[in-house]
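Subject: Structure handover

Hello,

Here is the structure I promised to pass on. Please open it alongside this note; my findings follow below.

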Amino acid sequence: MDIAAGVSGSLAAIGYGLAAIGPGIGVGLIFASYIQSTARQPESSRMTLPFVWIGFAVVEALALFGIAFGFIWATGS
Amino acid sequence: MIGQAVALQSDVPFPPEVGDFYLPSIVPWDGLNSLWFTKITALVWISTAILIIFFLTAYRKPKMVPGKAQWLAESAYGFVRDNISIEMLGAERGLRFAPYLASLLLFIVFNNLWSIVPIAQISPNSHIAFPAFLALISYVLFNYVGIKKFGFRKYMRNSLIPPAPWFVLPILIPIEFFSTFLVRPFSLAVRLFANMFAGHMLLLVFTLGGFAILQANAKLAAFSVLSWLMTIALTLLELLVIFLQAYVFTVLTASYIQGAVSEEH
Amino acid sequence: MAGDPPSQDPDKTPDATPTGADLGWTALSYLIGGMAVWGFIGWLVDRWVHSGGITTGIGVVIGCAGGIYLVIKRIGAPPPGSGSS
């Protein structure tokens, strides 16, 4: 008796879900380090803030790729 | 009435739909007149009236040692003037824009507050028209201020041309244009609208859900109570969101004005 | 707040509020705007040359790179040694 097991539904959604793990952790690490460094030395907060946004942009780019390519590579079903 | 959802087997209109946001006219007119005078219109009029009357009477006879109403009005205005306007725009320009920013913040707060006041319970900002026009006013304002200071060509050059080598500019200029002139007003409006819409929808889901559970099967009353406790928790969250969204709208407007008049590079 | 000196130049107030939330929204709008604009241009080129999605992807990547570059140039720090803030 052949039983075929498969996943039906959108693979693009699963792909995006997996792709969002990394950037989620990355953004959390960035802001955690900013908060910690500001707690250790509050005068440095203004100097380190631009680096927060650079890091956020680079990390978030991958998450946005996930959304965009989820639509581009979606094969339907 | 437009949008009564199909209920389970009961009279509770569950789940709530977008159509439930279109309220019926208060006065029984018909034709096109039956569309505009709804509870939402009345709430906007009432909040505008409250703002105007409160600030007029609070400053009727200002004293050096303020009474309660004058202290309240001065605190509200002072908060916007010191922490938002002067902080972002500098001393002199901050004083000029403080009245508009204070009116904007308080108007949004009073309109949003209706979403947790009993009997009213819907914020006019959950219809896209009101945030859209507030965002339009802010959009015209920051562009006008920038153009008046620099002239049209120099303002466009300041805001569209980033400090980058000339050969990557063709890639960057469409992005800058899109981000500055299209995304800013749109995101201002949609941020406020979506927060108010979603908050009202959440409250509707948990309130009507409690009733729907009761009507479907009376033995599950414990879950109904749980649903109503969630409603109370979400009402407190909604209180936070009300003030936060008004603050973010005003701060972003001030930031756009500051960006329009700053000398880049 | 109470003890702050007024800003020196009326037009040079720093862009970062104590929360920096407006910088965050700007960074996000550059990223998403870059991908949207160049993804749209890439999609138009795609319909013109019938390449089946490749040029859309290339457009999205170019837009993302442009967005990151804009974030670094507009909001990022000037190189160290060019004066303190």
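How many residues of chain B are in contact with chain C, and how many of chain C with chain B? The count is 27 residues on chain B and 24 on chain C. Bear in mind that this is a predicted model.

The B-C contact

On chain B, four helices each supply at least two residues to the side that touches chain C: α2, α3, α6 and α7. The largest share comes from α6(B), with nine residues. By type, this side of chain B divides into 17 nonpolar, six polar and four charged residues.

One helix pair is worth a look here. The axes of α6(B) and helix α2 of chain C (residues 54-75) come within 9 Å. They cross at roughly 80°. Angles of 65 to 115 degrees count as roughly perpendicular, so α6(B) and α2(C) are roughly perpendicular to each other. From α6(B), the residues involved are B:I171, B:L172, B:I175 and B:E176. They meet C:I62, C:G63, C:G66, C:G67, C:Y69 and C:L70 in α2(C). The residues of this contact divide into six nonpolar, three polar and one charged.

Chain B

Chain B has seven helices and zero strands. From the N terminus on, its elements run α-α-α-α-α-α-α. Its C-alpha atoms fill a box of roughly 70 × 60 × 40 Å, taken along the principal axes. Of the 265 residues in chain B, 34% are buried. Take the chain B contacts with a separation of 6 or more: 60% of them are between residues 24 or more positions apart.

The cores

The largest nonpolar core has 38 residues. Which of its members touch the most others? They are B:V80, B:L101, B:A102, B:L105, B:A254 and B:I257. Five helices of chain B give two or more residues to this core: α2 (68-89), α3 (91-113), α4 (129-150), α6 (169-216) and α7 (221-261). The largest share is that of α7(B), with ten residues.

Leaving aside neighbours within four places in sequence, B:V80 is in contact with B:S85, B:A98, B:L101, B:A102, B:L105 and B:T250. There is also a second, separate core of 29 residues. Among its members are A:A57, B:F178, C:A27 and C:L70. C:L70 also takes part in the contact of α2(C) with α6(B).

Chain C

Chain C has two helices and zero strands. Buried residues make up 41% of its 85 residues. Among its contacts between residues at least 6 apart in sequence, 52% join residues at least 24 apart.

A residue needs 20 or more C-beta neighbours within 10 Å to be buried, and counts as exposed with 12 or fewer. C:I58 has 16 inside 10 Å, so this residue counts as partly exposed. C:I58 and C:G39 are 19 residues apart in sequence. In space they are 7.7 Å apart, C-alpha to C-alpha.

Chain A

One annotation comes from the UniProt record, an unreviewed entry. The record places "domain: V-ATPase proteolipid subunit C-like" on residues 12-72 of chain A. Over that stretch the chain is 92% helix and 0% strand. The end C-alpha atoms of the stretch are 9 Å apart.

Best wishes

Methods:
Residues are numbered from 1 along each chain as its sequence is written. Chains are lettered from A and ligands numbered from 1 in the order in which they are written. This is a predicted model: local features need pLDDT of at least 70, side-chain atom pairs count only at pLDDT 80 or more; totals for chains, interfaces and linings use all residues. A nonpolar core is a set of buried Ala, Val, Leu, Ile, Met, Phe, Trp, Tyr and Cys residues joined through C-beta atoms within 7 Å. Two residues are in contact if their C-beta atoms, placed from the backbone, lie within 7 Å. Ala, Val, Leu, Ile, Met, Phe, Trp, Tyr, Cys and Pro count as nonpolar, Asp, Glu, Lys and Arg as charged, and the others, Gly among them, as polar. Axes are lines fitted to C-alpha atoms, for helices over the stretch in contact, and angles run from 0 to 180 degrees between N-to-C directions. Angles under 35 degrees count as roughly parallel, over 145 as roughly antiparallel, 65 to 115 as roughly perpendicular and the rest as oblique. UniProt positions are given in the numbering used here, feature names are shortened, and annotations may be inferred rather than shown by experiment.
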